[in-house]
Amino acid sequence: GQGTTHFDIEKFGADFAYTLDGGAIGEIEAANFNAEKAVLTFDGVVVHPGSAYDKMINAARAAGDFIAALPPDVSPERTQGLEPFIHPTGVSGDCSQATVNLILRTFDDLADLETLVAAAVLATETTLPGIAIDTQYTLQYTNMAPFIAAAPEVLDFAVQAATNIGVNPLQQAIRGGTDGARLSERGLPTPNIWAGGILFHSVSEFVPVPSMLAAVDWIVEAMKLIHDAN
């Protein structure tokens with residue numbers, strides 16, 4: 001979510017822009033998740049396991065209990081469309097200290113997901129009295145939708161260009177984010193256009209050549225429309 005942090009918008013000198021980082025042919029995306037990451041640190045109490053009765057507080061076990069306490073129906077594998085999710089992306093540590101990394105994604109208020117995380121923390125503290133749990137949140141990016149809505153011609157050009165080259169424009173929200181989310185937030189409205197990618201982030205990810213060629217045609221047609229309008 002930080003790829004455009006140092007991009008010089010003023011030097012770039014444009015009123016709006018487009019990224020080509022979408023999926024199937026025709027996709028035009030002007031909304032995305034609000035996103036943040038969370039790092040939870042679990043500090044336990046270590047003693048020799050042979051004399052641990054009523055003394056040891058196992059941080060590794062607490063991390064596992066915490067993940068199990070998260071609502072399973074608010075996970076990437078059980079949500080779709082505009083539904084939010086909490087996703088554990090990594091776990092590390094030992095009996096003394098453990099860390100759980102999460103990403104939180106929603107089209108609504110991130111505070112709602114933070115409430116679910118807090119409930120799982122409370123459940124873990126109840127199960128393992130004495131465990132110390134620290135939660136730190138970092139905002140990653142926000143929904144570009146209100147910024148695009150304030151400059152509707154940006155989306156109009158995108159849709160018309162797709163139609164002109166014989167591609168059915170499919171306007172939808174991204175279940176993720178793009179560089180355009182950060183650029184839009186910083187004052188450069190930047191919808192996302194298809195590039196053809198399928199099964200992103202998997203070992204089976206691929207890009208059909210016809211989709212890429214159609215994206216090239218879209219670029220040329222969009223530039224013509226914008227030129228003629230100005």
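# Burial and contacts in a predicted model

User: In this predicted model, does Arg 182, at 14% relative accessibility, count as buried or exposed?

Analyst: The relative accessibility of Arg 182 is 14%. Buried means under 20% relative accessible area. Arg 182 therefore counts as buried.

User: Which residue meets the side chain of Arg 182 in a salt bridge?

Analyst: The structure holds 1 salt bridge. An N to O distance of 3.9 Å joins the two side chains, and a salt bridge needs a nitrogen within 4 Å of a carboxyl oxygen. The partner of Arg 182 is Glu 185.

User: By about how many helical turns are Arg 182 and Glu 185 separated in helix α6?

Analyst: Glu 185 is partly exposed, at 34% relative accessible area. In helix α6, Arg 182 and Glu 185 are 3 residues apart, so their separation is about one helical turn.

User: Is Ser 184 buried or exposed, and which residues does Ser 184 touch?

Analyst: Ser 184 lies in helix α6, residues 179-185. Its relative accessible area is 2%, so Ser 184 is buried. Leaving out residues up to four places away in sequence, Ser 184 touches Met 144, Phe 147, Ile 148, Pro 189 and Thr 190.

User: Within what arc do the buried residues of α3 fall?

Analyst: The buried residues of α3 are Leu 110, Leu 113, Val 117, Ala 120, Val 121 and Thr 124. Seen down the axis of α3, they line one face of the helix, because they fall within an arc of 100 degrees.

User: Which residues are exposed on the other side of α3?

Analyst: The buried residues of α3 have cover that includes β3 (34-43), α2 (59-69), β4 (85-93), β5 (97-106) and β6 (132-141). On the other side of α3, the exposed residues are Thr 115, Leu 122 and Thr 126.

How values were computed. Residues are numbered from 1 along each chain as its sequence is written. This is a predicted model: local features need pLDDT of at least 70, side-chain atom pairs count only at pLDDT 80 or more; totals for chains, interfaces and linings use all residues. Side-chain values use heavy atoms; hydrogens and water are left out. Helices (H or I, at least four residues) and strands (E, at least two) are DSSP runs, numbered from the N terminus. Buried means under 20% relative accessible area, exposed over 50%, partly exposed in between (1.4 Å probe, protein chains only). Contact means heavy atoms within 4.5 Å. The arc is that of the directions from the helix axis to the C-beta atoms.
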